[in-house]
Amino acid sequence: MALLLDIASWALLSIGGAFVFIGGVGALRMPDLYTRIHAASLTDTMGAVLVIFGIMLQAGLSLAAVKLAAILLFLLLTSPTASNALASAALLAGLRPGDDATSQEEQSK
Amino acid sequence: MIVLFGVFLLSLMVITALAIVRTHHLFVAVILTGIFSLLMAANFFVLDAADVALTEAAIGAGISTVLFLGALALTGEHERANASNRLLALSVVAVTTLIVIYATFDKPRFGDPLAPVHQHVSPWYLEQTPEVIDIPNVVTAVLGSFRGYDTLGEVFVVFTAGIGVLFLFGARPPPRSGAASRNSAAPGQGLRHYLIPRVVGRLLIPFILLFGLYVQFHGDYGPGGGFQAGAIIAAAVILYALLEGEEQALRVLPHKLLIGLMAGGALLYGGVGVAALLLGGNFLDYSVLAADPIAGQHLGILLIEAGVGITVTGVLLSVFHAFAGRRRV
C-alpha cells in the first residue's frame with residue numbers, strides 16, 4: 001500500500017512538474033502577451049494542483065494535508081484572478097491580441 | 001542535497017541581481033526585486049530559518065514591492081541616463097569584491113558544527129528555553145525574551161522609519177481641492193469598476209486577516225510573530241484599499257488611528273518593560289509579571305509580540321497611504 005501511494009505520488013509530482021515546465025516554455029516562446037498569460041496559467045492550475053496532490057499523498061492523513069488543501073484552495077482562487085486582472089489591465093492599456101508587447105515598446109522608442 | 005538547493009537558489013539570485021542592474025525600466029527592476037526577495041525567502045527556508053523566511057516573503061516580496069510601485073506611480077518608470085565616471089565605480093566594486101572573497105577564506109565551512117556561531121550562546125539558549133520560558137519555538141523565545149532589548153530596538157527602528165516617511169510626505173493628507181482637480185476618478189476609486197478581483201478579494205480578505213492573527217498568536221509554537229503578522233494584516237488592508245479605493249480604506253482605518261497604532265505598539269512594548277521594572281524585576285524581565293515565572297514569560301512575550309504587530313501594521317499602512325494619497329508631481 002505504501003509503495004502504491006509512493007508510486008501514485010511520484011507520478012502526480014512528475015506530471016505536475018511537466019506541466020510547470022510546459023508553462024515555462026510557453027511563457028517564453030508564445031508570440032504575444034495574452035497567449036503567454038495563457039501558457040503561464042497552466043503552471044498555476046494544472047501544475048499546482050498535481051504537485052500539491054502529490055505532496056498530500058506523501059503527507060498522508062495529517063494536519064499537513066489539511067494545510068496543503070488550504071493552500072491549494074487559495075491558489076485556485078487567486079491565480080486565475082491574477083491572470084484575469086493582468087489580461088484585463090493589458091486590454092485597458094490598449095494592447096490588442098496579436099501585438100507583441102516587447103516589439104511594440106521598441107517601436108515606440 | 002541542501003547544498004545543491006542552496007547553490008541553485010543563490011545562482012538564481014545572482015542572475016536576478018545582474019538583471020536588476022542591467023535593466024533601465026524601473027517597473028521591471030521593481031518586479032525583479034520582488035523575485036529576488038522571494039528567492040531569498042526560499043533560501044532562508046532551505047536553511048531552516050522559517051521565521052526569517054516568512055518575514056522576507058511578507059515584507060520583502062510583498063509589501064516593499066507595493067511601496068516601490070507606489071513610488072513609481074508618483075515619479076516615472078524610466079531610469080535617467082547616467083553620465084558619471086563608470087571606470088572608478090567599477091574598480092571600487094572590483095576591489096571590494098576581491099576583499100570580500102578573500103575574507104570568506106577565513107570563514108568556517110558551510111554547516112560546520114564547530115563554527116563559533118554554534119558554540120557561543122546558541123547552546124545556552126537551546127538549553128534554557130524549555131526550562132525558563134517553556135515554549136516550543138526557540139526563535140520566539142530568543143527574540144522576545146532573551147534578546148528583548150534588541151527587538152525593542154527593532155520596533156523603534158520601524159517606528160522611526162514610519163515617522164521619517166510621514167515627515168517627508170507630510171503627516172496630514174494634502175488638501176483635496178475637490179474631485180475635479182484629480183486627473184481622473186480612477187486613483188481614488190480603486191478597482192471598483194472591475195468585478196472579478198473585487199469578488200475574489202472580498203472573499204479572501206477575512207481569511208488573510210485570520211491568517212495574520214494566527215501567525216501573530218501562534219508565534220510561540222511555530223514560525224511567526226509580530227513582524228510577520230503585522231505585514232500580513234497590513235497586506236490585507238492594502239488589498240482592500242486597492243479594491244475599494246484608498247479613501248474607503250481610510251474611512252475604515254483613519255490616519256489618526258494608524259498613527260496611534262504606530263506609537264501605541266511601541267509604547268506597549270516599552271510599557272511591558274517598565275511594568276517589569278515596577279514589579280521589582282529588570283527592564284523587560286517578564287518573569288515577575290505573574291506569580292509563576294514561566295506564566296510571566298508567556299504573558300510578556302504575548303504582550304510584546306502584540307506591540308510589535310501593532311506598530312508594524314500601523315507603520316506599513318501609514319507609509320502606504322503616504323504614497324497612495326499623494327498626487328503625481
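Where does A81(B) lie? Select that residue to start: A81(B) sits in the loop between α3 and α4 (86–104) of chain B.

The model is predicted, so local features need pLDDT of at least 70 and side-chain atom pairs count only at pLDDT 80 or more, while totals for chains, interfaces and linings use all residues. Residues are numbered from 1 along each chain as its sequence is written, and chains are lettered from A and ligands numbered from 1 in the order in which they are written.

**Stop 1**

A81(B) is exposed, with 6 other C-beta atoms within 10 Å. The classes run as follows: buried means 20 or more other C-beta atoms within 10 Å of the residue's own, exposed means 12 or fewer, and partly exposed is in between, with C-beta atoms placed from the backbone. The C-alpha atoms of A81(B) and H24(B) are separated by 8.7 Å, and the two residues are 57 residues apart along the chain.

**Stop 2: chain B as a whole**

Helices (H or I, at least four residues) and strands (E, at least two) are DSSP runs, numbered from the N terminus. The C-alpha atoms of chain B fill a box of roughly 65 × 50 × 35 Å along the principal axes. Of its 329 residues, 31% count as buried. Two residues are in contact if their C-beta atoms, placed from the backbone, lie within 7 Å. Taking contacts in chain B between residues at least 6 apart in sequence, 70% join residues at least 24 apart.

**Stop 3: α1(B) and α2(B)**

Select residues 2–22 of chain B, which form helix α1, and residues 26–46, which form helix α2. Their axes come within 9 Å and cross at roughly 165°. Axes are lines fitted to C-alpha atoms, for helices over the stretch in contact, and angles run from 0 to 180 degrees between N-to-C directions. The pair α1(B) and α2(B) is therefore roughly antiparallel. On the scale used, angles under 35 degrees count as roughly parallel, over 145 as roughly antiparallel, 65 to 115 as roughly perpendicular and the rest as oblique. The crossing of α1(B) and α2(B) is left-handed; a crossing has that hand if the near helix is turned anticlockwise from the far one by less than a right angle, and is right-handed if clockwise.

To see the contact, display side chains. The α1(B) side includes F5(B), L9(B), M13(B) and I20(B), and the α2(B) side includes L32(B), F36(B), L39(B) and N43(B). By class, the contact of α1(B) with α2(B) has 17 nonpolar, 4 polar and no charged residues. Ala, Val, Leu, Ile, Met, Phe, Trp, Tyr, Cys and Pro count as nonpolar, Asp, Glu, Lys and Arg as charged, and the others, Gly among them, as polar.

Centre on L10(B), in helix α1 of chain B. L10(B) is partly exposed, with 13 other C-beta atoms within 10 Å.

**Stop 4**

Go to D48(B), which has a positive phi of about 70° although it is not a glycine. D48(B) is exposed, with 9 other C-beta atoms within 10 Å.

Next select D134(B), in the loop between α6 (122–133) and α7 (138–146) of chain B. Phi of D134(B) is near 60°, again a positive value in a residue other than glycine. D134(B) counts as partly exposed, with 14 C-beta neighbours inside 10 Å.

**Stop 5**

Select helix α14 (residues 293–324) of chain B, which has 32 residues. From first C-alpha to last it reaches 46 Å, close to the 46 Å expected at 1.5 Å a residue; the expected span is 1.5 Å times one less than the number of residues. Because 24 of the 32 residues of α14(B) are buried, this helix is largely enclosed by the rest of the structure.

By class, the contact of α13(B) with α14(B) has 15 nonpolar, 10 polar and no charged residues.

**Stop 6: chain A and the contact**

Bring back chain A, whose secondary structure comes to 4 helices and 0 strands. Of the 109 residues of chain A, 12% count as buried. Finally, select the contact between the chains, which takes 6 residues from chain B and 6 residues from chain A. The chain B side that touches chain A has 6 nonpolar, no polar and no charged residues.
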